[in-house]
Every structure is written in C-alpha cells, then in structure tokens.
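Visitor: Could you walk me through how to read packed helices and buried residues in a model like this one? I would like the general idea each time, and then the case at hand.

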Amino acid sequence: MDRIPILKLGRALLVTVQVDMHDRLAMALEEDLSAKIVTTGARGVLIDISGLEIVDSFMGRMLDTIAAVSRLLDADTVVVGMRPAVAITLVELGLSLNGVKTALDVDRGMALITGDYGHASEGSEDLEDSDDRGEG
Amino acid sequence: MIVARDDTLVIRNPDDVVRVRQEVRARAVAAGFGLVDQTKIVTAASELARNTLDYGGGGKARIEVVQNGARKGLRLTFEDQGPGIPDVELALKDGYTTGGGLGLGLSGARRLSNEFQIHSVVGEGTRVTIARWK
C-alpha cells in the first residue's frame, strides 16, 4: 500500500501532501504520524498542502483529525501553503478548520512550532515578513 | 440553452471520484473559468461524487458544458440508485450526516454553485444537479 512520507525536520515532522488522498491513505497517514510523534518526541507537525488544487470536506476532516490526535500527543499541527483559491472555497464550503493552525509557508509554520518569531518581528522590514495573515 | 459538450462518467470507487474532479477541472478550464471558479466547481463536484459513492452506493456523473446567450457554464448531474434521502430539507442542513462525515457535502456544494436542484425518492435513488456560470 502507498504511504505518504514523513520527514523529520528539527523538532518537527514534515508531511507533503501532493496526491489525492483516499480513505486508506489518510488513515495510514494518521497512524504513521501519531506513531512518529511519539518515537521522535516531535513538538509539531507541518502539513504542506501547497500541491493540492482543492481541499474538500473529506480532506478537511482528515486535517482536523490529525490536529486533534497530535494535540493529545503534545504536538502542534500547522497546515502550510494553502492556495488562495482553496482558502476562499473552504470558507464558502463552510469549513474554516478552526482546530488547525495555518501558516503561509514551511518557514513560518516552523516558527509557530518552535516559538521562534525572530525573523518576523526583528530585523529589517522585509516585504516577505510584513504581513500577519494566516497564523493563529 | 445550448449544450456544447456532454460526458458521463461512472462512479464506482474512490479513483472514479478523482477522475470526476479531473474531468470537471478540464471542462472548467476549457470554458474559461477563472481559478477561484474552477476551484469552487471542482470542490462541489468532489463533495457530490463522494456522496454518490458513499451514500448512493455508486452511480453516474454527467458533465455538460452549457451556453445561455453569452454566458458559458458547467452543469453537473450526480445520479444514484441508492436508498434515497427521506428528509431532503434536513439533509441540506449544515452538519447533518448519517455517514460520519462533517455533513457539509450537500449544503456546501449548494453554496459553491449558482444553481442547485435535488430530487430524491426513498428506495429509488437521488439526483443532484448543480450549475456554475462563468
């Protein structure tokens, strides 16, 4: 059976979702992730969905479930890289993913997990860091 | 209203749901839909195709490219011979589900469409038609 690879990135785990997830693949990911959180002691899970053209309620439910399970295992989940059209559609669909933290990209998601907001608050007024969308 | 193109796909397994999404995306791009409109109609199609599979036990998706005067659009019809929906009004409420989902499939698909019709007979099946105009 296919499985989605989970990479360890510092104190976090990184999952890149690029393919359409089926029920079995989603369930395998939930199980693999929770096991890996425990064995690695990861403090957070980054789920990169920049490759996804749509997120429907099935996928939304999976993200919510992963976030809830991770929380019980003392890890934060941050969904990163959501496309603007996907965000607009999700809200209209009625799915605001309230239980899930989001960030614009992997760097910002990692900052949320490590509590290191240094890039965004200090230093020069870098255009890339000048907004506050998508977090929290 | 002119039907410029008319395709029907079978929905029997999760791979077919993916195929429906891809086909709807291709038709929406060809009809000149913008990215947000494409995303909305493909997401609505995904919800309804999954309903057809999960609740209707499989069925068919009909994808029509339609033109009404100068307006181009897509009309999608999802049809199954499943158990039907006893209370359509209730099924259209946010959060109503019998299948362990989020209960956003029907109501969400309605919000993502410009036109929405549902016809369901208990013991015979369900037909949902949506349209989105460019």
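Visitor: In which hand does H1(B) pass H2(B)?
Guide: A crossing is left-handed if the near helix is turned anticlockwise from the far one by less than a right angle, and right-handed if clockwise. In this predicted model, H1(B) passes H2(B) in a right-handed crossing. Helices here are DSSP runs (H or I, at least four residues), strands likewise (E, at least two), numbered from the N terminus.

Visitor: Before we go on, what are the ground rules?
Guide: Residues are numbered from 1 along each chain as its sequence is written, and chains are lettered from A and ligands numbered from 1 in the order in which they are written. As the model is predicted, local features need pLDDT of at least 70 and side-chain atom pairs count only at pLDDT 80 or more, while totals for chains, interfaces and linings use all residues; side-chain values use heavy atoms, with hydrogens and water left out.

Visitor: At what angle do the axes of helix H1 and helix H2 of chain B cross?
Guide: Two packed helices are described by the angle between their axes and the distance between the axes. Axes are lines fitted to C-alpha atoms, for helices over the stretch in contact, and angles run from 0 to 180 degrees between N-to-C directions. The axes of H1 (residues 14–30) and H2 (residues 35–54) of chain B cross at roughly 155 degrees and come within 9 Å. That makes H1(B) roughly antiparallel to H2(B) (under 35 degrees is roughly parallel, over 145 roughly antiparallel, 65 to 115 roughly perpendicular, the rest oblique). Contact means heavy atoms within 4.5 Å; among the residues making it are B:Val17, B:Val20 and B:Val24 of H1(B), and B:Ile41, B:Val42 and B:Ala45 of H2(B). By class, this contact has twelve nonpolar, three polar and three charged residues (Ala, Val, Leu, Ile, Met, Phe, Trp, Tyr, Cys and Pro count as nonpolar, Asp, Glu, Lys and Arg as charged, and the others, Gly among them, as polar).

Visitor: And how are H3(A) and H2(B) set to each other?
Guide: Their axes come within 9 Å and cross at roughly 50 degrees, so H3(A) and H2(B) are oblique to each other. This crossing is right-handed. Residues including A:Ala85, A:Ile88 and A:Glu92 in H3(A) meet residues including B:Leu35, B:Thr39 and B:Lys40 in H2(B). The contact divides into six nonpolar, three polar and three charged residues.

Visitor: What is the angle between H1 and H2 of chain A?
Guide: H1 (residues 23–40) and H2 (residues 57–72) of chain A pack at about 15 degrees, with axes 10 Å apart; H1(A) and H2(A) are therefore roughly parallel. Their crossing is right-handed. A:Leu29, A:Leu33 and A:Ile37 of H1(A) are among the residues in the contact, as are A:Met62 and A:Ile66 of H2(A).

Visitor: How many helices and strands does chain A have?
Guide: Five helices and five strands, running β-β-α-β-α-β-α-β-α-α from the N terminus.

Visitor: Is A:Leu97 buried or exposed?
Guide: Buried means under 20% relative accessible area, exposed over 50%, partly exposed in between (1.4 Å probe, protein chains only). A:Leu97, in the loop between helix H3 (84–93) and strand E5 (101–103) of chain A, counts as buried at 7%. Beyond neighbours within four places in sequence, A:Leu97 is in contact with A:Gly60, A:Leu63, A:Asp64, A:Met82 and A:Leu90. By contrast, B:Asp54 in helix H2 of chain B counts as partly exposed at 46%.
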